[in-house]
Structures are given as C-alpha cells and as structure tokens.
Amino acid sequence: MSWTCPKCERELKHINATHYCIKVSVDSLFDGRPAELELVFDKILAEVANWDDVLISTSKNCIVFVHKRTFFVIRPMQKQLDLKFYSKAKPESPIITKSSFYAGKYENSTRISQLTELTMELFGMIKDSYILL
C-alpha cells in the first residue's frame, strides 16, 4: 500500500514517510541535457517499472525507485546519467565507477550516456539491488 504526499504529490511507501518534499517533474530533470540521456532513462524505466511493487518518484535532482526500500537512484547530470544501486558483495565489474560499503551493503555507482551502455550485466545488478532491498 502506498501513500501520496498531498503537497508534492510524490508516491511513497508509508503514510507521512520522510522525504524531500518538493514537486519536480521528470521532464524538468532533463532540461538542457542531451536527448540521448532521456532515451536511456526511458529504456531503463520501461524495464524497471514492470517489476512487482516498484514506486517511482522524483526528488530535487534525481529519480528514485523504491521496492521495500530505495533500491535504485538515477541522477541526470550534464552529459551522463549517474546510476546508484546496492549489492551484498562488492562487484568486480569494470562498469562500476565507485563502490562503498555502508550499513551492511555496498552502494555502487556507474555513469552512462548512451543506449549501447545498457547491458544485461547492468540490468542484472539493478535487479539484484531490487531483490536485496
């Protein structure tokens, strides 16, 4: 069961859940950025939105994907999308640009800018984060 904040209209997991309460559209996060970034985002969205019980909302500068907890965050940057997701073990993949251990799990980041960078390996890591959290 989800709850929609009456102020920012963000869909959240629980009534009165703590969140950054500001109304932001997905389109505004892509203003002034290359069209390719929005295509990459749309491809990710098409995949992840089909998973069971996923809430998707926007915050001040990112798009947040929640299952039981936040499992995936996309932050549009000037020329890339910064993707953050979680894992039990530190990934040994060249696509990971940063991995930090925090609160019993690894917080992993990668940056992509083209559709060709969306690989089965990347989607597998995002799916593992969804399962983990």
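In strand β8, residue S109 is the bridge partner of K98. This pairing belongs to a predicted model, so let's treat every value here as computed from that prediction.

- Strand β7 covers residues 98-102, and strand β8 covers residues 105-112.
- The two strands run antiparallel to each other and are paired over five bridges.
- How many residues lie between β7 and β8 in the hairpin? There are two, and A103 in that turn has a positive phi of about 55°.
- Is strand β7 buried or in the open? The number of buried residues among its five is zero, so β7 lies largely in the open.

**A network of salt bridges**

- The structure contains two salt bridges, and R75, D82 and R111 are linked in a network of them.
- One of the two joins the side chains of R75 and D82, with an N to O distance of 3.8 Å.
- The other joins R111 and D82, where the closest N and O atoms are 3.2 Å apart.
- This R111 pair ties together distant parts of the chain, since R111 sits in strand β8 and D82 in strand β6, 29 residues apart.
- Which of these residues is buried? D82 is, because its relative accessible area is 11%, which falls under the 20% cut-off.
- R75 has 30% relative accessibility and therefore counts as partly exposed.
- R111 has 36% relative accessibility, so R111 also counts as partly exposed.

**The nonpolar cores**

- As background, nonpolar side chains tend to be buried together in soluble globular proteins.
- In this model, the largest nonpolar core has 28 residues.
- Which members touch the most other members of that core? They are I44, F65, F71, F72, L81 and L83.
- Two or more residues of this core come from each of these elements: helix α2 (35-48), strands β4 (63-66), β5 (70-76) and β6 (81-87), and helix α3 (120-132).
- Take I44 as a case to look up in the structure: leaving aside residues up to four places away in sequence, I44 touches F72, I74, L83, I112, L118 and F123.

- K127 is placed in helix α3, and its 29% relative accessibility makes K127 count as partly exposed.
- K127 and Y86 are 41 residues apart in sequence, while their C-alpha atoms are 9.6 Å apart in space.
- T4 is found in strand β1, which spans residues 3-4, and at 45% relative accessibility T4 counts as partly exposed.
- T4 and I15 are 11 residues apart in sequence, with 7.9 Å between their C-alpha atoms.

**The whole protein**

- How many helices and strands does the protein have? There are three helices and eight strands.
- Of the 133 residues in the protein, 41% are buried.
- Among contacts with a separation of 6 or more, 51% are between residues 24 or more positions apart.
- The protein exposes about 7,900 Å², and carbon and sulfur atoms supply 51% of that area.

Key:
Residues are numbered from 1 along each chain as its sequence is written. This is a predicted model: local features need pLDDT of at least 70, side-chain atom pairs count only at pLDDT 80 or more; totals for chains, interfaces and linings use all residues. Side-chain values use heavy atoms; hydrogens and water are left out. A nonpolar core is a set of buried Ala, Val, Leu, Ile, Met, Phe, Trp, Tyr and Cys residues joined through side-chain atoms within 4.5 Å. Buried means under 20% relative accessible area, exposed over 50%, partly exposed in between (1.4 Å probe, protein chains only). Helices (H or I, at least four residues) and strands (E, at least two) are DSSP runs, numbered from the N terminus. Contact means heavy atoms within 4.5 Å. Two strands pair if DSSP finds at least two bridges between them. A salt bridge is a side-chain nitrogen of Lys or Arg within 4 Å of a carboxyl oxygen of Asp or Glu. Accessible areas come from the Shrake-Rupley method with a 1.4 Å probe; for residues, only the protein chains shown count as cover.
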